[in-house]
Amino acid sequence: MADDRLTRKQRAQVRRLVREYEPIIQRAFIEAVENAKGQVDFEALMAAVERNDIAAAVQLLQLNQALLFPLQDAIRTVIIAGGRSLTIPRGIRGSFSFSGGHPRADAILSEIGARLVTEIGNPGEQVIRDLILDGRRKGHGVRKIAQALAGKIDGTSGRRKGGIMGLDGQSAKTAARVREILNDPEQIGRYFKGDERRYTRTSSRYTALVRTARDEGWAAAVWRYNKRYGQSLTKADLIDRIATDHEARLLKDRSVKIAKDQAFTAQAQGRYEAHLQLLERPDVESVTTRWNHNTFRNYRDDHKAMDGKEKPIGEGFVMQDGTVMQHPHDPDAPAHHKLGCRCSAVYIVKYRRPNR
């Protein structure tokens with residue numbers, strides 16, 4: 001019964017931390033990407049596109065550590081909050097305070113930026129290469145191709161919108177596919193069918209526009225749109241608006257995924273480090289990590305197999321593929337063990353009874 005209470009308490013603790021800090025991380029990611037778009041050297045990017053210099057384009061689109069600072073700072077806050085969430089177990093005398101200045105904790109906090117650059121720095125060289133080469137094959141100008149990469153200046157806000165900066169490889173491919181489908185009369189019919197339904201994640205005004213273009217052709221769609229909204233846009237203008245709107249939604253979707261993943265990872269790091277620090281106390285005999293599998297529709301068989309297994313803290317859990325994880329959401333584990341995982345760690349502290 002005591003263990004059941006302990007499990008429920010710590011699971012509630014994890015849920016509270018994730019719920020509280022997810023929105024903060026999400027906003028920080030969007031801020032980092034918007035700052036990156038605002039600071040991109042667009043003239044240099046166009047020059048790189050002109051000479052097909054893929055390496056230079058990748059470098060110019062990179063979200064470096066300085067640009068990712070808002071996200072790094074938000075994650076640092078969650079790690080510390082996770083560490084400070086530890087409450088002194090019964091039987092432990094005195095008080096305990098998580099130290100962010102501990103050498104181990106300091107190393108964790110210092111490594112965040114480099115890890116983020118590796119994990120979410122850019123969509124990947126191949127995606128950027130394909131987008132540039134495909135644009136050149138279709139006869140697009142270097143400015144248009146560069147805008148598809150870094151976004152286009154919005155006349156109202158003065159900020160760059162759209163583009164693939166901040167997206168992962170799959171999302172960037174989806175963004176490029178939207179433009180391809182809308183520009184091809186033979187493919188536009190797929191926009192609302194089968195696997196292509198994910199491309200309809202645009203505002204309703206654009207969904208109606210695409211339906212008209214599909215059924216009656218772009219000339220009719222453009223005429224009706226301009227008449228309704230009192231504008232004089234071209235087919236290219238409207239396709240660009242639809243694609244830019246879709247790219248913004250893809251970026252928002254990614255911000256949600258990153259926020260959830262990073263919130264789970266950060267609180268797990270903080271709680272793990274706090275218990276390592278607790279173990280350094282002379283009145284603590286041992287700390288055991290128990291893997292708690294959170295039943296989820298798309299659960300991982302190897303994670304479910306770990307449910308209830310216990311290891312002395314620091315020993316690690318060996319997964320079926322040989323990966324060693326100190327706890328669920330271990331930042332050193334590969335992505336397939338972290339993304340979408342909802343497992344959590346339960347820590348069982350055994351204290352030394354004082355000599356009487």
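Strand β3 (residues 284-292) is joined to β7 by 8 bridges, and the two strands run antiparallel. The model is predicted, so local features need pLDDT of at least 70 and side-chain atom pairs count only at pLDDT 80 or more, while totals for chains, interfaces and linings use all residues. Residues are numbered from 1 along each chain as its sequence is written, and side-chain values use heavy atoms, with hydrogens and water left out.

**The sheet**

- Strands are DSSP runs of E with at least two residues, helices are runs of H or I with at least four, and both are numbered from the N terminus.
- Two strands pair if DSSP finds at least two bridges between them.
- An open sheet is formed by 3 strands in the order β4-β3-β7, with antiparallel pairing.
- Its edge strands, β4 (310-312) and β7 (344-351), each pair on one side only.
- On average, neighbouring strands of this sheet are turned by 30° against each other, direction ignored.
- Val 284 stands opposite Tyr 351 in β7.

**The helix pair**

- The axes of helix α9 (residues 204-216) and helix α11 (residues 235-279) come within 11 Å and cross at roughly 135°.
- Axes are lines fitted to C-alpha atoms, for helices over the stretch in contact, and angles run from 0 to 180 degrees between N-to-C directions.
- Helix α9 is therefore oblique to α11, since angles under 35 degrees count as roughly parallel, over 145 as roughly antiparallel, 65 to 115 as roughly perpendicular and the rest as oblique.
- Contact (heavy atoms within 4.5 Å) is made by Tyr 206, Leu 209 and Val 210 of α9 with Leu 238, Arg 241, Ile 242 and Asp 245 of α11.
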